Amino acid sequence: MKSSNFFLALRRDVNEGSMLTNLMIKGGTIQKLASGIYSWLPLGYAMLSKIEKIVSDSFEEMGFNRMCIPTLHPSALWKKSGRYEAYGQETLRVYDRKNNEFIYGPSAEEPCVEMVKQANIKSSDLPINLFNIQWKFRDELRPRFGVIRGREFLMCDGYSFHETIDQSSDFYDQVLLGYKKMFQKMNLDVIVQEAQTGEIGGVKSHEFIINSETGEEEIEHNGTRIKALELGHIFLLGDHYSKPMGLSITNRDNKNIPLIMGCYGVGISRLVAALIEQNHQDGVISLPKQVAPFQIMLINAGDSCDLCIKTTNKIYNKYLDITLLDDRQISIGEKLATSDLIGSPIRIVVWPKELNSGQIEIRVNNKKQFIDVDNLDNIIKAL
Ligand code: ATP
Ligand code: MG
């Protein structure tokens with residue numbers, strides 16, 4: 001991709017909130033539309049999509065089937081589960097022209113129970129494991145740190161349905177391992193912590209957290225106090241939703257029993273901000289290649305040097321799918337400054353002087369060096 005064909009939407013003087021949010025807005029990741037509501041610019045959306053794919057693939061590996069639930073849920077469903085009364089001021093209510101009330105889903109237990117219920121399932125159809133990746137809305141009291149705690153945010157939520165608590169619990173334990181693998185794929189060092197089951201009244205629950213400047217809760221970990229940011233949360237729910245909503249099967253003893261459910265959440269839009277926060281140093285963002293919008297940021301510092309142009313184009317064409325070439329008519333200083341915000345793990349600068357001796361500058365994960373042009377392929381493969 002050439003930056004002349006890519007809407008970078010960079011900004012200079014941003015003072016929207018936290019350092020992290022300002023960094024993301026400056027670099028053209030997100031834009032603020034309203035409090036806790038953000039637009040995703042092409043660069044940010046590319047990163048969001050990569051994370052979405054990693055999470056989606058991981059859920060499929062764990063045995064979930066992807067489906068999609070609407071953002072709007074009829075309030076009647078929520079009245080059945082009891083959440084209509086319980087959920088409180090975080091709920092966003094929406095009315096259609098006939099004055100029917102809907103809830104913009106903060107999670108999707110009710111419509112997912114309804115999905116399984118309408119399928120009239122038998123014991124032999126179990127287990128059923130479903131997930132969807134959909135925008136959610138919670139009217140948070142204090143939206144903070146941009147998309148870390150937004151009001152509209154992208155969440156992956158999985159739901160499991162089993163006949164017995166033991167089966168559900170075994171699946172839950174598998175998901176716990178699957179979550180660890182999923183976060184490892186993004187180079188995230190998560191801490192798994194047992195959590196309160198709280199008002200949901202579930203059986204067990206774990207949170208997946210990282211140590212982050214944006215964490216709102218202090219916890220003790222290995223003898224030190226850290227600020228914990230939650231990235232994922234899993235719950236063994238029991239029959240908390242299935243019982244009031246009438247999702248049951250007839251078991252072998254001819255008894256009607258409610259299904260045992262689990263629910264499994266991951267914040268995808270929160271992950272974008274968390275990954276930027278975990279992978280920046282002195283104003284330079286260098287993301288893991290799995291999530292970086294472009295693995296290579298390429299800059300030619302010799303606009304009037306034929307060999308530079310030739311070398312740059314050669315590199316660009318070789319790594320076309322993973323490269324952003326800054327071809328804007330601006331100063332080299334501006335290009336270098338921009339490259340710090342794009343998040344590519346590799347930055348290549350072609351300087352006329354060094355190219356005379358066959359060398360180019362490469363910065364990999366914040367370490368700069370000059371290498372022979374012929375060595376580039378090895379370095380890119382080793383990333
Ligand atoms: P928190 O304690 O941070 O409010 P939660 O317990 O309300 O989180 P869940 O209901 O378990 O979160 O939602 C699953 C995941 O969705 C969370 O682990 C988090 O990554 C993400 N998430 C929750 N609320 C928000 C939000 N307001 N903005 C962005 N992501 C969110
Ligand atoms: Mg919350």
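What follows starts with the overall picture and then goes through the parts topic by topic.

Keep in mind that you're looking at a predicted model. The protein has 383 residues, and 40% of them count as buried. You'll find 12 helices and 22 strands in it, and the domain assignment gives domain 1 (6-278) and domain 2 (285-382).

**The overall picture**

- Along its principal axes, the C-alpha trace spans about 85 × 45 × 40 Å.
- If you look at contacts with a separation of 6 or more, 66% of them come from residues 24 or more positions apart.

**Where the two domains meet**

- The C-alpha centres of domain 1 and domain 2 sit 38 Å apart.
- The two do touch: 15 residues of domain 1 are in contact with 11 residues of domain 2.
- On the domain 1 side, the elements giving two or more residues are α2 (42-61) and α8 (268-278).
- Of these, α2 gives the most, with six residues.
- Sorted by class, that side of domain 1 has 10 nonpolar, two polar and three charged residues.

**Around ligand 1**

- There are 15 residues around ligand 1, and Phe 153, His 233, Gly 265, Gly 267 and Arg 270 come nearest.
- The most come from β12, which gives four residues.
- By class, you get three nonpolar, seven polar and five charged residues in the shell around ligand 1.

**A hairpin to look at**

- Strands β1 (residues 30-34) and β2 (residues 37-40) pair in the antiparallel sense, with four bridges between them.
- Across that pairing, Lys 32 stands opposite Tyr 38 in β2.
- Two residues lie between the strands of this hairpin, and Gly 36 takes a positive phi near 70° there.

**Helix α5 and its buried side**

- In helix α5 (residues 109-117), the buried residues include Glu 109, Glu 110, Cys 112, Val 113 and Val 116.
- These residues are on the same side of α5 because they cover an arc of only 165° around the axis.

- Some background first: most residues other than glycine have a negative phi, and most peptide bonds are trans.
- The peptide bond from Leu 126 to Pro 127 is cis, with omega near 0°, and Pro 127 is found in the loop between α5 and β7 (128-137).
- Phe 145 isn't a glycine, yet its phi is positive, at about 50°.
- You'll find Phe 145 in the loop between β7 and β8, and it counts as buried because it has 23 C-beta neighbours inside 10 Å.
- Asn 254 isn't a glycine either, and its phi is also positive, at about 65°.
- Its place is the loop between β13 (248-250) and β14 (256-258).
- Is Asn 254 buried or exposed? It counts as exposed, because it has 6 C-beta neighbours inside 10 Å.

- Trp 135 lies in strand β7, and with 13 C-beta neighbours inside 10 Å it counts as partly exposed.
- Leaving out residues up to four places away in sequence, Trp 135 touches Thr 71, Glu 152 and Leu 154.
- Take one of those contacts: Trp 135 and Glu 152 are 17 residues apart in sequence, and 6.6 Å apart in space from C-alpha to C-alpha.
- Val 349 is in strand β20 (residues 346-350), and it counts as buried because it has 23 C-beta neighbours inside 10 Å.
- Which residues is Val 349 in contact with, leaving aside its neighbours within four places in sequence? They are Ile 299, Ala 301, Ile 360 and Glu 361.
- Val 349 and Ser 49 are 300 residues apart along the chain, and their C-alpha atoms are separated by 28 Å.

Methods
Residues are numbered from 1 along each chain as its sequence is written. Chains are lettered from A and ligands numbered from 1 in the order in which they are written. This is a predicted model: local features need pLDDT of at least 70, side-chain atom pairs count only at pLDDT 80 or more; totals for chains, interfaces and linings use all residues. Two strands pair if DSSP finds at least two bridges between them. Domain bounds come from an automatic or database domain assignment. Two residues are in contact if their C-beta atoms, placed from the backbone, lie within 7 Å. Ala, Val, Leu, Ile, Met, Phe, Trp, Tyr, Cys and Pro count as nonpolar, Asp, Glu, Lys and Arg as charged, and the others, Gly among them, as polar. A residue is near a molecule or strand if its C-beta atom, placed from the backbone, lies within 6 Å of it. A residue is buried if 20 or more other C-beta atoms lie within 10 Å of its own, exposed if 12 or fewer, and partly exposed in between; C-beta atoms are placed from the backbone. The arc is that of the directions from the helix axis to the C-beta atoms.
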